[in-house]
Amino acid sequence: MTSPDQALLLPYRPEHTPATAAQPGAVALNRMHVTIGDPQDGHLASPVRCERITLSLPIAPNAHVPTDEPVILRTRLDLPRGPGHGRQWLVKAATTDPATTLLTLLPAEPARFDGTWTLTLTLDTSNPLGNQIHITEDTALDDNSPQRRTRSATLTATPCAR
């Protein structure tokens, strides 16, 4: 069950650095960082069990994206190793819709976010990103059944370290 703009259980901090002019013969890449599980006040009210996170990334309005060229897409996940961190995470990317890039983050086993660790996704893409992303998480508090929650978030323009 999915409800639009339902409160997410996990905190998200999305940041975006637009592409700068590319070197001759190179493609300029947009960079996005999304930090997941980092509460601003230092702790989560209750541990959150996470089975899946999906990020829908619409391209920038009025952006020209050539349909005859492949999308360049590089992802990296950073997280500490340890029990409850989901073991190995997989990132599945879909670029079949020319207006949106879809990323699904799947842990090999459910992750338990408790405010003591974070998961950071870094994405480099040739598609110019819009200023909104759509986040869907399959999460639960404690041992409850996971529910699908969806909400939009604003990408904050910041210089990210390359």
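In which sense do strand β1 and β11 pair, and over how many bridges? Strand β1 (residues 12–17) and β11 pair in the parallel sense, over two bridges, where strands (E, at least two residues) are DSSP runs numbered from the N terminus and two strands pair if DSSP finds at least two bridges between them. This is a predicted model, in which local features need pLDDT of at least 70 and side-chain atom pairs count only at pLDDT 80 or more, while totals for chains, interfaces and linings use all residues. Residues are numbered from 1 along each chain as its sequence is written, and side-chain values use heavy atoms, with hydrogens and water left out.

View 1. Five strands form an open sheet of mixed pairing, in the order β4-β8-β2-β1-β11. Because β4 (73–78) and β11 (156–157) stand at the edges, each with a single partner strand, one side of each is left without a neighbour in the sheet. Within β11, Ala157 stands opposite His16.

**View 2. The edge-to-face pair of Trp89 and Phe113.** The structure holds two aromatic pairs, counted for rings of Phe, Tyr and Trp (its six-membered ring) with centres within 6.5 Å; planes under 30 degrees apart count as stacked, over 60 as edge-to-face and the rest as tilted. The rings of Trp89 and Phe113 have centres 6.5 Å apart and planes at 65°, so this pair is edge-to-face. Trp89 lies in strand β5 (residues 89–94) and Phe113 in strand β7 (residues 111–113), so the pair ties together parts that are 24 residues apart in sequence.

**View 3. The stacked pair of Phe113 and Trp117.** Phe113 and Trp117 form a stacked aromatic pair, with 4.3 Å centre to centre and 15° between the planes. Phe113 and Trp117 are both buried (under 20% relative accessible area, with a 1.4 Å probe and protein chains only). Trp89, Phe113 and Trp117 form one aromatic cluster.

Technical notes:
Helices (H or I, at least four residues) and strands (E, at least two) are DSSP runs, numbered from the N terminus. Buried means under 20% relative accessible area, exposed over 50%, partly exposed in between (1.4 Å probe, protein chains only).
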